[in-house]
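Here are my notes on the model you sent. They are set out as numbered points, for checking against the coordinates.

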Amino acid sequence: MISDFRSKHGQGRVTLDAALTTIAHEQAAAMAAKDQLDHDVLGRFNARVGRAGAGRAAENIAYGYDSFPKTLDQWINSPGHRRNLLLHNASRVGVAGVKSSATGRTYWAMVIAGDYEAPKLTKPVKQAAVAKPKAQTKDACRLKILGICL
């Protein structure tokens with residue numbers, strides 16, 4: 001569903017990623033356990049998503065919707081969430097929903113990420129070979145005139 005939305009808006013499709021799904025599930029479960037909608041319930045997003053190895057990532061959260069299609073529709077109609085869904089160069093996504101045992105509300109988290117390619121290393125610039133002067137022995141030059149050994 002996310003890929004279809006992205007395709008309709010000129011962005012590439014995304015594939016489900018196990019690491020991002022784990023990060024999303026941990027976030028949704030922590031929000032459900034505390035019954036609190038909060039991006040930082042487990043710590044700052046950058047610290048949590050770092051282990052996925054993406055160059056860029058974004059997170060959407062929500063609660064109260066009983067299905068993912070309803071949650072996605074809410075994100076599509078929210079400018080900030082929509083911007084995350086359309087994250088440029090995103091190629092992977094993880095989504096999770098966890099129900100609060102206290103209230104029965106479902107907490108949702110989505111992590112979308114891209115730029116996984118390692119930066120290309122530039123080839124080292126070859127340095128011109130510098131000829132090393134030949135070691136001279138004491139006896140090699142008895143008389144030096146204008147830089148010429150005799």
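1. R92 lies over the face of Y116, 3.6 Å from the ring centre. The criterion for a charge over a ring is NZ of Lys or CZ of Arg within 6 Å of the ring centre and within 35 degrees of the ring normal.

2. On provenance: this is a predicted model, in which local features need pLDDT of at least 70 and side-chain atom pairs count only at pLDDT 80 or more, while totals for chains, interfaces and linings use all residues. Residues are numbered from 1 along each chain as its sequence is written, and side-chain values use heavy atoms, with hydrogens and water left out.

3. The sheet is open and has four strands in the order β1-β3-β4-β2, with mixed pairing. Its edge strands are β1 (15-16) and β2, each of which pairs on one side only. Strands here are DSSP runs of E with at least two residues, helices are runs of H or I with at least four, and both are numbered from the N terminus. Two strands count as paired if DSSP finds at least two bridges between them.

4. What is the sense of each pairing? β1 and β3 run parallel and are joined by two bridges, with L16 opposite V93 in β3. Strand β3 (residues 90-99) pairs with β4 in the antiparallel sense over nine bridges, and G94 stands opposite V111 of β4. Strand β2 (residues 56-63) is also antiparallel to β4, over eight bridges; I61 has A109 as its bridge partner in β4.

5. β3 and β4 form a hairpin with six residues between them. In the turn, G104 has a positive phi of about 80°.

6. Is strand β4 (residues 106-114) mostly covered or mostly open? Nine of its nine residues are buried, where buried means under 20% relative accessible area, exposed over 50% and partly exposed in between (1.4 Å probe, protein chains only). T106, W108, M110, I112 and G114 point one way from β4, and Y107, A109, V111 and A113 point the other way.

7. Helix α2 lies across β1, β2, β3 and β4 and runs at about 30° to β3. Contact is taken as heavy atoms within 4.5 Å. Axes are lines fitted to C-alpha atoms, for helices over the stretch in contact, and angles run from 0 to 180 degrees between N-to-C directions.

8. A search of the whole structure finds three aromatic pairs. The ring centres of Y63 and Y107 are 5.4 Å apart with planes at 25°, so this pair is stacked. Since Y63 lies in strand β2 and Y107 in strand β4, the pair ties together parts that are 44 residues apart in sequence. Y63 is partly exposed, at 35% relative accessible area, whereas Y107 is buried at 1%. The rule covers rings of Phe, Tyr and Trp (its six-membered ring) with centres within 6.5 Å; planes under 30 degrees apart are stacked, over 60 edge-to-face and the rest tilted.

9. F68 and W108 have ring centres 5.8 Å apart and planes at 55°, so the pair is tilted. F68 lies in helix α4 (residues 68-76) and W108 in strand β4, so parts 40 residues apart in sequence are tied together. Both F68 and W108 are buried. F68, W75 and W108 form one aromatic cluster.

10. How many salt bridges are there? The count comes to seven, with a side-chain nitrogen of Lys or Arg required within 4 Å of a carboxyl oxygen of Asp or Glu. One of them joins R105 and D35 at 3.5 Å, N to O. R105 lies in the loop between β3 and β4 and D35 in the loop between α2 (18-34) and α3 (45-49), so the pair ties together parts 70 residues apart in sequence. R105 is partly exposed at 29%, and D35 is partly exposed at 24%.

11. D115 forms a salt bridge with R56, the closest N and O atoms being 3.2 Å apart. This pair links distant parts of the chain: D115 is in the loop between β4 and β5 (144-145) and R56 is in strand β2, 59 residues apart. D115 is partly exposed at 28%, as is R56 at 34%.

12. The side chains of D66 and K70 also meet in a salt bridge, at 3.0 Å, N to O. D66 counts as exposed at 58%, whereas K70 is partly exposed at 44%.
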